[in-house]
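I opened my notebook to record what I looked up in this model.

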Amino acid sequence: MEYNFRSIEKKWQDEWKKSGAYRVSNNSSRPKYYVLDMFPYPSGAGLHVGHPLGYIASDIVSRFKRLQGFNVLHPMGYDAFGLPAEQYALEHGVHPAKGTAQNINNFRKQLDNIGFCYDWEREVRTSDASYYKWTQWIFLQLFHSFYNRQLQKAVPIEQLTAAFEKEGNSNHPCPGDPKIVFTATDWKGYSEKEQQDILMHYRLAFCGYGEVNWCEALGTVLANDEVVNGVSERGGYPVVKKKLRQWYLRITEYADRLLSGLKTIEFSEAMQEMQSNWIGKSSGAEISFSLDGHTESLVVYTTRPDTIFGVDFMVVAPEHEIISRITSPEQQAVVDNYIEYVKSRSERERQAEKKISGCFTGAYAINPFNGRKIPVWISEYVLAGYGTGAIMAVPCGDERDFRFAQHFSIPITNIIGDAFDGTDANPTKDARLSNSDFLNDIPMREAIEIVIEKLENMGMGKRKVNYKMRDAAFSRQRYWGEPFPIVWKNGIAYPLSEKELPLLLPDVESYGPGPDGEGPLANLNDWKIVGDGIRETNTMPGYAGSSWYFLRYMDPQNDKEFCSRSASDYWNQVDLYIGGTEHAVGHLLYSRMWTKALYDLGHIGFDEPFRKLLNQGMIQGSSRFVYRKKGTQQFVSAGLAGSMETDKLHVDVNIVDGVELDIEAFKKWRNGEYAHAEFILEDGKYICGSEVEKMSKSKFNTVNPDSLVEKFGADTFRMYEMFLGPVDQSKPWDTKGIEGVHRFIKKLWRLFFDEEKGRLWNEENPTAPELKVLHRTIKKIEEDTERYSFNTAVSSFMICVNELSDLKCHKRAILEPLLILLTPYAPHVSEELWHALGNSNSVLDASFPKFDPATLVESEKEYPVSINGKMRTNITLALDASEEDVKAIVLANEVVQKWVEGKPLKKFIFIKGKMINVVI
RNA sequence: GCCCUGGUGGUGGAACUGGUAGACACGCAGGACUUAAAAUCCUGUUCGCCGCAACGCGAGUACGGGUUCGAUUCCCGUCUGGGGCACCA
């Protein structure tokens with residue numbers, strides 16, 4: 001019998017579908033385990049071999065946990081709203097819903113090919129009204145809540161209005177605008193509009209104003225992605241910053257909990273670091289500097305108040321509103337000019353810029369301690385969104401301030417004595433201060449506190465904890481997203497009631513922008529106008545639906561609640577979450593925040609969504625190039641291309657074998673575009689150039705999993721993806737090696753069947769060496785799967801099958817447990833052979849074999865013996881030998897004596913069971 | 001620019017807690033079986049040197065230092081690939 005993977009895989013996929021093998025129940029006496037893949041966006045390009053890497057890993061873990069007796073939830077669905085579908089609609093007039101549905105069907109077919117164990121009855125799509133109804137519902141929960149800092153949790157906004165009526169906002173300082181202060185009497189005297197405006201500054205989901213990339217020519221707001229070097233990707237029109245009304249989520253109120261929560265979950269060190277850097281908690285002081293000749297003062301945030309006597313200038317962000325009030329008439333033109341320049345600059349460009357730019361406002365701040373006049377400058381390296389949008393610059397202690405001072409010839413005050421050499425800033429906290437009045441000779445670290453206290457006593461400043469993280473922009477001027485359940489009347493946002501949900505996304509005639517930078521929905525007057533109100537025409541961003549989808553999987557068909565409490569109590573946190581690091585600070589922070597808010601409001605019983613996170617690496621493409629002689633149709637082989645002028649063109653990797661071009665296929669490629677090409681060969685071959693790049697259609701370096709499954713089968717494909725290397729590392733794809741894995745499965749098959757003789761297995765009792773092979777493999781597979789080292793697990797399977805082949809072992813007692821071990825990795829062939837052995841139940845529900853340490857006990861070991869740390873020989877010794885015995889045997893050894901050359905022994909190192917080192 | 005991460009044979013990688021560097025594969029070379037091919041099997045394969053060979057010697061985990069009896073592993077510096085940086089998802 002031959003290994004016919006096509007019929008085997010089809011047979012079992014059909015069978016598993018028929019038997020509902022992957023259906024998961026919310027009622028089970030078994031312990032639960034929840035394995036989740038990051039929500040895919042169903043792109044039109046379809047799957048390439050990079051996508052399934054994480055899916056295969058999670059599939060292996062799911063099946064492994066099932067064999068270990070867990071009730072495993074392993075769902076899949078689609079993050080179906082998003083920009084690409086809308087872009088496609090804009091260009092082709094196809095409704096995004098239609099395009100998205102097609103992409104999903106395609107995606108699903110590709111996934112099914114690989115044999116995943118998803119419970120498809122739990123599939124969700126964020127663009128279905130039955131789903132986004134609950135996204136809107138959660139938005140309303142956030143809208144109706146504020147963050148009570150005393151309780152450190154979200155609570156209903158009614159509790160806030162109750163407090164306002166009793167005591168004003170004295171106990172609840174306003175997070176949106178700290179200048180808002182009022183008494184109970186004030187509150188009661190306010191109009192409804194005034195009250196609502198204040199509440200808006202407290203709500204967890206709130207409306208405010210923020211800057212967007214505005215493209216006047218296209219009449220629309222652009223994503224960062226769509227802006228290249230300050231102009232629109234489409235058309236190349238100028239893009240500037242513009243303030244627009246936007247919805248936000250007040251994630252900053254959760255900054256501290258998002259930070260401390262990291263300690264309770266298993267995210268990699270790197271991931272935790274990225275998140276805490278993003279949150280960017282720092283402590284320091286806000287200091288008010290009065291301005292010479294003005295009544296208002298300039299407030300800066302600094303983490304280093306100890307350097308106050310080293311402040312040689314101030315820098316405010318170009319967006320800072322104070323600029324218009326303090327700029328001197330002489331400087332006005334220069335300032336206007338500079339601000340205009342900055343408007344065209346993206347935040348990233350501003351931070352990455354090495355060139356120093358800025359201008360003087362003409363105004364001077366006053367140092368509160370010595371009255372010194374300090375010039376106030378503007379520069380793009382200070383961002384409006386961080387701190388107060390203004391800094392005090394200390395050039396002797398800060399590199400950027402130093403370079404700025406040098407560039408504009410601003411004199412530098414040295415307050416750290418010898419620690420400053422005049423050529424580089426020194427950011428130390430350990431120097432003793434000088435030139436610093438009452439702080440002289442005090443270590444900087446101690447001075448921080450002294451200055452803060454003094455400022456507070458003087459009323460010139462206060463202690464302040466600051467976060468780099470900003471509130472999350474939560475609206476888009478787009479069509480293909482969730483509509484906001486909000487109606488505006490007289491400038492007040494009125495939420496829809498729960499009964500009115502879902503607010504359906506209406507059809508539009510064109511996907512182009514509405515007036516005044518509004519989204520396409522603004523064009524629909526019939527839809528927009530409700531009585532005397534106007535609907536919110538923004539839609540929610542891509543991350544709205546993906547911030548809570550892991551909850552919906554638990555109870556996907558529920559039309560009464562977003563997820564029943566009993567379901568979320570049973571499944572609880574996601575036990576293992578697998579996805580790429582690109583979501584480190586976006587999705588992974590938003591979904592953590594949503595979870596915390598839902599927890600605070602009593603809707604779920606846990607406040608971290610993902611107990612453990614595993615990051616998968618990116619599979620890169622290995623691109624191939626051909627070299628066309630300039631201005632000709634002659635293609636030159638890579639080795640000869642260097643000597644002449646050529647254009648380097650991407651060529652489809654699928655028509656290249658290794659680096660050798662299939663010339664006939666190339667002539668037919670792209671509808672015969674190169675049919676008349678001529679070739680200059682080396683050794684009769686056309687050799688392509690190669691480079692590792694991101695896998696993408698435009699680079700012709702994508703490899704489609706479908707064709708590999710067709711050629712080698714899903715089991716081979718799954719194992720090869722794992723065999724490629726550690727799941728968490730990036731690596732280039734190379735199809736060549738897949739044959740090795742395919743050979744392994746065929747070799748396994750031959751332990752069961754001979755092509756001519758047929759069945760090979762027998763019922764004999766296994767020998768000790770055979771048991772040793774089996775149990776070493778059980779141990780290795782269990783440990784490796786447990787620590788997600790899938791590549792080494794595949795190696796162990798290979799070693800096991802190689803050794804059993806050498807031992808000519810065809811015994812059921814060995815082979816049957818081996819099949820169970822293999823099931824998570826290669827489920828189809830395992831099930832087929834399992835049934836061949838006469839089992840009538842499914843191998844999916846077998847029990848994972850138990851490792852027996854007794855089979856591996858050794859009595860001796862071949863020790864590596866080093867002389868001065870260099871390995872020189874091996875000596876086999878009893879494992880229970882004493883150190884004296886070992887020493888005597890080793891020193892008497894011929895090889896050892898040769899190397900020792902009679903020199904005196906300095907040290908004898910013996911690590912039992914490991915190694916021996918003779919130091920002379 | 002800032003944050004994170006990687007760099008080991010011709011290639012993907014292994015070495016899990018500082019203890020035999022290169023497991024397992026791919027590729028390549030040689031051989032067996034075959035009319036031939038496919039498939040399968042066997043042998044060799046880090047580099048350099050000496051040698052018919054066994055074997056022996058030296059170097060070697062991006063580069064330069066350091067700690068240690070011993071470093072791919074720990075520390076410092078440099079170079080370099082990848083990901084992210086708030087409207088791609």
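The entries below go topic by topic.

**Ground rules.** I am working with a predicted model, in which local features need pLDDT of at least 70 and side-chain atom pairs count only at pLDDT 80 or more, while totals for chains, interfaces and linings use all residues. Residues are numbered from 1 along each chain as its sequence is written, chains are lettered from A and ligands numbered from 1 in the order in which they are written, and side-chain values use heavy atoms, with hydrogens and water left out.

**Domains.** I noted five entries for chain A: domain 1 (21-122 + 543-616), domain 2 (281-467), domain 3 (619-693), domain 4 (708-855) and domain 5 (858-919). These bounds come from an automatic or database domain assignment. The centres of domain 2 and domain 5, taken over C-alpha atoms, are 66 Å apart.

I then looked up polar contacts (pairs of N or O atoms within 3.5 Å). A side-chain N or O atom of Arg743 is 2.3 Å from a phosphate oxygen of RNA strand B. Leu724 uses a polar backbone atom, 2.4 Å from a sugar or linking oxygen.

Helix 27 (residues 790-806) gives the largest share of the surface near RNA strand B, six residues. Helices here are DSSP runs (H or I, at least four residues), and strands are runs of E, at least two, numbered from the N terminus.

**Helix 29.** Is helix 29 mostly covered or mostly open? Eight of the 10 residues of helix 29 (residues 827-836) are buried, where buried means under 20% relative accessible area, with a 1.4 Å probe and protein chains only. Among them are Pro827, Trp834 and Glu831. Gly838 follows helix 29 and has a positive phi, near 105 degrees.

I found an open sheet of four strands in the order 6-5-9-17, paired antiparallel. Strand 6 (220-222) and strand 17 (472-473) are at the edges with a single partner strand each, so one side of each has no neighbour in the sheet. Two strands pair if DSSP finds at least two bridges between them; strand 5 (residues 205-215) and strand 9 (residues 240-249) are joined by 10. Val212 stands opposite Lys242 in strand 9.

Methods:
A polar contact is a pair of N or O atoms within 3.5 Å; within protein, one must be able to donate a hydrogen and the other to accept it, and residues adjacent in sequence count only if both atoms are side-chain atoms. Buried means under 20% relative accessible area, exposed over 50%, partly exposed in between (1.4 Å probe, protein chains only).
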